[in-house]
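Subject: Structure handover

Hi there,

Here is the structure I promised to pass on to you.

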Amino acid sequence: SNSAPRAAELATAPGAESAAAEASRYDGALSLSRSAVGTLMVEGVASAAVAVTVTFRSRVDLEVEAIWLVAIWCTLVLRGLWCHNVQHAGTDRARIETWQWTLIALMTLSSVVWGSAAFFLAPEHSEPTHVLLIAEILAAISVGAILLSANLGVTFAYFAAGAGALVVAAFFNPAELRPFTLGLA
């Protein structure tokens, strides 16, 4: 193939190592962007499934459910727009690193919103529905983390933040605490 001689030619050119490293970083950012975009549809569908489960199996306030759903969808839109922004990072190392750290922050925020659903959407007096809700949230976080495996740092941040928020939310009694945390009491 013509790419092998071209690669050998580039490798011997002055500054080729630096150019190759920059291209590799940019390719990694593009791969991460594609992975992150892949999670958007999965999370959009999964959040709708969680909302349907909560709506039909419990007596959670529909306003609280709508706020959570809008919050998760806003994080998805922000991530989608940011992933589109990778093209503007170019091959500049500082810009790529800034883009990646911002994506990690957005993914972490999204994952925390996912985990918080165990608190805000927990059904009152319905243990089986609460277990189902936690299973759906954990499945969504896990699938998202798997789809992000192009970058282990992002994968870890996303899974750890979501699972951590889920564990914290699951240990509180939502029926007693929810009105006070939302100021609805």
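Contact here means heavy atoms within 4.5 Å. Please also keep in mind that this is a predicted model.

With that in hand, take Glu-65, which lies in helix α3. Glu-65 is buried, at a relative accessible area of 5%. Its C-alpha lies 8.8 Å from that of Ala-117, although Glu-65 and Ala-117 are 52 residues apart in sequence.

Now to the salt bridge. The structure holds 1 of these, and Glu-43 forms it with Arg-79, with 2.8 Å between the closest N and O atoms. Glu-43 belongs to helix α2 and Arg-79 to helix α3, so the pair ties together parts that are 36 residues apart in sequence. Are the two partners, Glu-43 and Arg-79, buried or exposed? Both Glu-43 and Arg-79 are buried, and for Arg-79 the relative accessibility is 0%.

Leaving aside neighbours within four places in sequence, the residues in contact with Arg-79 are Ala-36, Thr-39, Leu-40, Glu-43, Leu-106, Met-107, Ser-110 and Tyr-158. The C-alpha atoms of Arg-79 and Val-37 are separated by 7.7 Å, and these two residues are 42 apart along the chain.

One of those contacts, Ser-110, is worth a look from its own side. Ser-110 is found in helix α4 and counts as buried, with 0% relative accessibility. Beyond residues up to four places away in sequence, Ser-110 touches Glu-43, Ile-72, Thr-75, Leu-76 and Arg-79. Both partners of the salt bridge, Glu-43 and Arg-79, are therefore on the list of residues that Ser-110 touches, contact being heavy atoms within 4.5 Å.

Next, the aromatic residues. Searching the whole structure gives 1 aromatic pair. Trp-68 and Trp-114 make up this pair in an edge-to-face arrangement, with 5.4 Å centre to centre and 75° between the planes. Trp-68 sits in helix α3 (residues 62–84) and Trp-114 in helix α4 (residues 93–120), so the pair ties together parts that are 46 residues apart in sequence. Trp-68 is buried at a relative accessible area of 4%, and Trp-114 is buried at 0%.

Both tryptophans return in the largest nonpolar core, which has 37 residues; Trp-68, Trp-99, Trp-114, Leu-121 and Ile-137 have the most contacts inside it. At least two residues of this core come from each of α2 (16–57), α3, α4, α5 and α6 (152–171). Which helix gives the largest share of this core? That is α4, with 10 residues. Trp-99 touches Ala-29, Leu-32, Ser-33, Trp-82, Cys-83, Asn-85, Val-86 and Ala-89, residues up to four places away in sequence not being counted.

Finally, the surface. Val-42, Val-143 and Leu-147 make a nonpolar surface patch of about 180 Å². Of these, Val-143 lies in helix α5 (residues 127–147) and is partly exposed, with a relative accessible area of 36%.

Best wishes

Technical notes. Residues are numbered from 1 along each chain as its sequence is written. This is a predicted model: local features need pLDDT of at least 70, side-chain atom pairs count only at pLDDT 80 or more; totals for chains, interfaces and linings use all residues. Side-chain values use heavy atoms; hydrogens and water are left out. Rings of Phe, Tyr and Trp (its six-membered ring) pair if their centres lie within 6.5 Å; planes under 30 degrees apart count as stacked, over 60 as edge-to-face and the rest as tilted. Helices (H or I, at least four residues) and strands (E, at least two) are DSSP runs, numbered from the N terminus. Buried means under 20% relative accessible area, exposed over 50%, partly exposed in between (1.4 Å probe, protein chains only). Patches are made of residues with over 30% relative accessible area and no salt bridge: like charges are joined within 9 Å, nonpolar side chains (Val, Leu, Ile, Met, Phe, Trp, Tyr) within 5 Å. Accessible areas come from the Shrake-Rupley method with a 1.4 Å probe; for residues, only the protein chains shown count as cover. A salt bridge is a side-chain nitrogen of Lys or Arg within 4 Å of a carboxyl oxygen of Asp or Glu. A nonpolar core is a set of buried Ala, Val, Leu, Ile, Met, Phe, Trp, Tyr and Cys residues joined through side-chain atoms within 4.5 Å.
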